[in-house]
Amino acid sequence: MTVNEQLLAYAEQLFAPEDAALQEIRALQEQEGLPAIAISADEGKILAVLLTAIGARRVLEIGTLGGYSGVWIARALPPGGRLTTIDADPKHAAVARRAFERAGVAPRVELVEGRALDVLPRLQPGYDAIFVDADKEPLEQYYRHAMRLLKRGGLLLCDNAFFNGRVTDPSDTGADVAGVRAFNRLAAGDARLVATVIPVRDGLVVGVKVAE
Ligand code: DHB
Ligand code: MG
């Protein structure tokens, strides 16, 4: 490990230790053959700190995967809080349901099985925070939906701002990395948003919606 990696591991172990439920959920995702692309514990803790800071009660997640990030989010909500999370893959949804049960957060999580681009137009605005962590090609559309659905003062969060280093490779013209670049550009330049990237893991865009 480099010195920087040692410091990050130290901070993660100290501030974001995984309890038995999170460890079992990570293992379950692996057993079930889900890709190993869930957020890290230190990223989960950043989500929890930010959601706690704004007193988030209604949160939307685009891209459930196996429910690991959803558990971090749901645990950060006050009593009566609610996470709505969307995933198109029935296998992801089945694993995530088990994860939410295991962590004891199932009563506060609504898992919507369907394509986000079909589900999002049906949702009503008023979310305190929206975490985008799904397929990358439609990210520009996810951005526009998220900005419509977020309330003023709400947090826009998006995983994979760096996309494993691909965003700065000019020879990489894939549709997925193009989606990531488009989202980053929109978030950086939108006068309705005060945004930055926290360089945790693969880069987390964090923005506050300050105007409609
Ligand atoms: C990929 C997607 C993710 O959401 C992630 O966190 C890491 C990688 C991917 O599509 O490669
Ligand atoms: Mg991701």
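This is a predicted model: local features need pLDDT of at least 70, side-chain atom pairs count only at pLDDT 80 or more; totals for chains, interfaces and linings use all residues.

Stop 1: Select residues 41-53, helix α3, and residues 68-75, helix α4. Their axes come within 8 Å and cross at roughly 30°. Angles under 35 degrees count as roughly parallel, so α3 is roughly parallel to α4. The crossing of α3 past α4 is right-handed.

**Stop 2: the contact.** Show side chains on both helices. From α3, pick Ala-41, Gly-44, Lys-45, Leu-47, Ala-48 and Leu-51. They meet Tyr-68, Trp-72 and Ile-73 of α4. Sorted by class, this contact of α3 with α4 holds seven nonpolar residues, one polar and one charged.

**Stop 3: the largest nonpolar core.** Which residues touch the most other members of this core? Select Val-59, Tyr-68 and Trp-72, out of 39 residues in the core. Now colour the elements that give two or more residues to it: α2 (20-31), α3, α4, α5 (90-103), β3 (109-113), β4 (127-132), β5 (150-159) and β7 (204-209). The most comes from α5, which gives six residues.

**Stop 4: Trp-72.** Centre on Trp-72 and leave aside its neighbours within four places in sequence. Trp-72 is then in contact with Ala-16, Leu-22, Ile-39, Ala-41, Gly-44, Lys-45 and Ala-48.

Notes: Residues are numbered from 1 along each chain as its sequence is written. Chains are lettered from A and ligands numbered from 1 in the order in which they are written. Side-chain values use heavy atoms; hydrogens and water are left out. Axes are lines fitted to C-alpha atoms, for helices over the stretch in contact, and angles run from 0 to 180 degrees between N-to-C directions. Helices (H or I, at least four residues) and strands (E, at least two) are DSSP runs, numbered from the N terminus. Angles under 35 degrees count as roughly parallel, over 145 as roughly antiparallel, 65 to 115 as roughly perpendicular and the rest as oblique. A crossing is left-handed if the near helix is turned anticlockwise from the far one by less than a right angle, and right-handed if clockwise. Contact means heavy atoms within 4.5 Å. Ala, Val, Leu, Ile, Met, Phe, Trp, Tyr, Cys and Pro count as nonpolar, Asp, Glu, Lys and Arg as charged, and the others, Gly among them, as polar. A nonpolar core is a set of buried Ala, Val, Leu, Ile, Met, Phe, Trp, Tyr and Cys residues joined through side-chain atoms within 4.5 Å. Buried means under 20% relative accessible area, exposed over 50%, partly exposed in between (1.4 Å probe, protein chains only).
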